[in-house]
Structure formats: C-alpha cells, structure tokens
Amino acid sequence: MAANFWTSSHYKHLLDQEDVDMVNALDKEKGITLEDFKLIKMHLTNYILKLAQQVKVRQRVVATAVTYMRRVYTKKSMAEYDPRLVAPTCLYLASKAEESTVQARLLVFYIKKLYADEKYRYEIKDILEMEMKILEALNYYLVVYHPYRSLSP
C-alpha cells in the first residue's frame, strides 16, 4: 500500500461525482435512468452490508467493497456485469485486499441462506471468475483510503 494518499493510485484515479453517477450507454438502452442507477447501487450497498454482517468482517472491508462496486460501474455496465454477482465478489475481493479473508464458500452459503430467490444462486466458480473480471475493470488498483483510518500518535 502507498504510504501517502497524495502519491497513491487512489488519488491518481480519483473520480468526480459526475463520473460516478453516469449511466453507461448499454444500461440506457435497457431503460435504466439515473434515478434507477442510484437506487440499484444503494440496494447493492445494502446487499454487501447484509452479507458482511453474516460473515463478520470489519467495517473497513465493507467500505472497500462498496468503493470497488462503485468503481466497477463507472467503467462497465450493469447489463455486462450482473449486480447480484458483482456485490458479493467485491466483498470477497475487499476482504482479501484488507487482509480479512473470507472464503468464497462461506459467501455462497450465506447468499443462499439470505436470499431464497433463484436469481441470487451463484456457485464458488462464479465468484472466482467474476473476481478476475472485476480486477480487470479496476485496472488492478485496489488501494482505497478511508476517512476512518486509524490516526498515528
């Protein structure tokens, strides 16, 4: 991890709010408006939070996962990357990046426990495949600085 925010990849690739709240062209074709896009991202954030509470990870991992999810959808469309798979995969990747590793098997178990709907049924291989796609979408920039980082004495 970079020792300084101002020299980190997080700062170098910082996005404006307009970039984060921009609906991809493929999503516009499917009829997704900016309001729908914001609601979907809010739902995904809640989805990540529910899963994180089940697998008992730190708040920092949740914040990193949400940041990854938001970054992915600045580059890729929801039509390309299924949000119901991206959310748990971002949590899986964030747990690795924040050194609080959660097994993919555990995530799959809790997804099935929380959501009886068939739309949420994913296997371990699905999460592992999506992990590589997310890494590519993020251009392998995994450093995230959070406002509640511990202060040095």
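Author: One definition before we start: a residue counts as buried when its relative accessible area is under 20%. Also, this is a predicted model.

Reader: Which helix is Thr64 in?

Author: Thr64 sits in helix 5.

Reader: And what does the side chain of Thr64 reach?

Author: The backbone oxygen of Arg60, at 2.9 Å.

Reader: Which residues does Thr64 touch, if I skip the ones up to four places away in sequence?

Author: Skipping those, Thr64 touches Ala94, Glu98, Val144 and His146.

Reader: Let's zoom out. How many helices and strands are there in the protein?

Author: Eight helices and zero strands. Reading along the sequence, you get α-α-α-α-α-α-α-α.

Reader: What percentage of the residues count as buried?

Author: 44% of the protein's 153 residues.

Reader: And of the contacts between residues at least 6 apart in sequence, what share join residues at least 24 apart?

Author: That share is 73%.

Reader: Then at what angle do helix 4 and helix 5 cross?

Author: Helix 4 covers residues 34-55 and helix 5 covers residues 59-75; their axes cross at roughly 150° and come within 10 Å. Angles over 145 degrees count as roughly antiparallel, so helix 4 and helix 5 are roughly antiparallel to each other.

Reader: Is the crossing of helix 4 and helix 5 left-handed or right-handed?

Author: Helix 4 and helix 5 make a right-handed crossing.

Reader: What classes of residues make up the contact of helix 4 with helix 5?

Author: There are 10 nonpolar residues, one polar and two charged. On the helix 4 side they include Phe37, Leu44 and Ile48, while helix 5 brings in Val62, Met69 and Tyr73 among others.

Reader: What about helix 4 and helix 6, at what angle do they cross?

Author: Roughly 45°, with the axes of helix 4 and helix 6 coming within 9 Å. Helix 4 and helix 6 are therefore oblique to each other, and their crossing is right-handed.

Reader: Which residues make the contact?

Author: From helix 4 you have Leu44, Tyr47, Ile48, Leu51 and Ala52, and from helix 6 Pro83, Arg84, Ala87, Pro88 and Leu91. By class, the contact of helix 4 with helix 6 has nine nonpolar residues, no polar ones and one charged.

Reader: Next pair! At what angle do helix 6 and helix 8 pack?

Author: At about 75°, with their axes 9 Å apart; helix 6 is residues 83-97 and helix 8 is residues 124-137. Because 65 to 115 degrees counts as roughly perpendicular, helix 6 and helix 8 get that label. The contact of helix 6 with helix 8 divides into 10 nonpolar residues, one polar and three charged.

Reader: Last one, where does Val108 lie?

Author: Val108 lies in helix 7, which spans residues 104-114. Val108 counts as buried because its relative accessibility is 6%.

Reader: Which residues is Val108 in contact with, leaving aside neighbours within four places in sequence?

Author: Leaving those aside, Val108 is in contact with Tyr122, Glu123, Ile124 and Ile127. Val108 and Glu123 are 15 residues apart along the chain, and their C-alpha atoms are separated by 6.2 Å.

Notes
Residues are numbered from 1 along each chain as its sequence is written. This is a predicted model: local features need pLDDT of at least 70, side-chain atom pairs count only at pLDDT 80 or more; totals for chains, interfaces and linings use all residues. Side-chain values use heavy atoms; hydrogens and water are left out. Helices (H or I, at least four residues) and strands (E, at least two) are DSSP runs, numbered from the N terminus. Buried means under 20% relative accessible area, exposed over 50%, partly exposed in between (1.4 Å probe, protein chains only). Contact means heavy atoms within 4.5 Å. Axes are lines fitted to C-alpha atoms, for helices over the stretch in contact, and angles run from 0 to 180 degrees between N-to-C directions. Angles under 35 degrees count as roughly parallel, over 145 as roughly antiparallel, 65 to 115 as roughly perpendicular and the rest as oblique. A crossing is left-handed if the near helix is turned anticlockwise from the far one by less than a right angle, and right-handed if clockwise. Ala, Val, Leu, Ile, Met, Phe, Trp, Tyr, Cys and Pro count as nonpolar, Asp, Glu, Lys and Arg as charged, and the others, Gly among them, as polar. A polar contact is a pair of N or O atoms within 3.5 Å; within protein, one must be able to donate a hydrogen and the other to accept it, and residues adjacent in sequence count only if both atoms are side-chain atoms.
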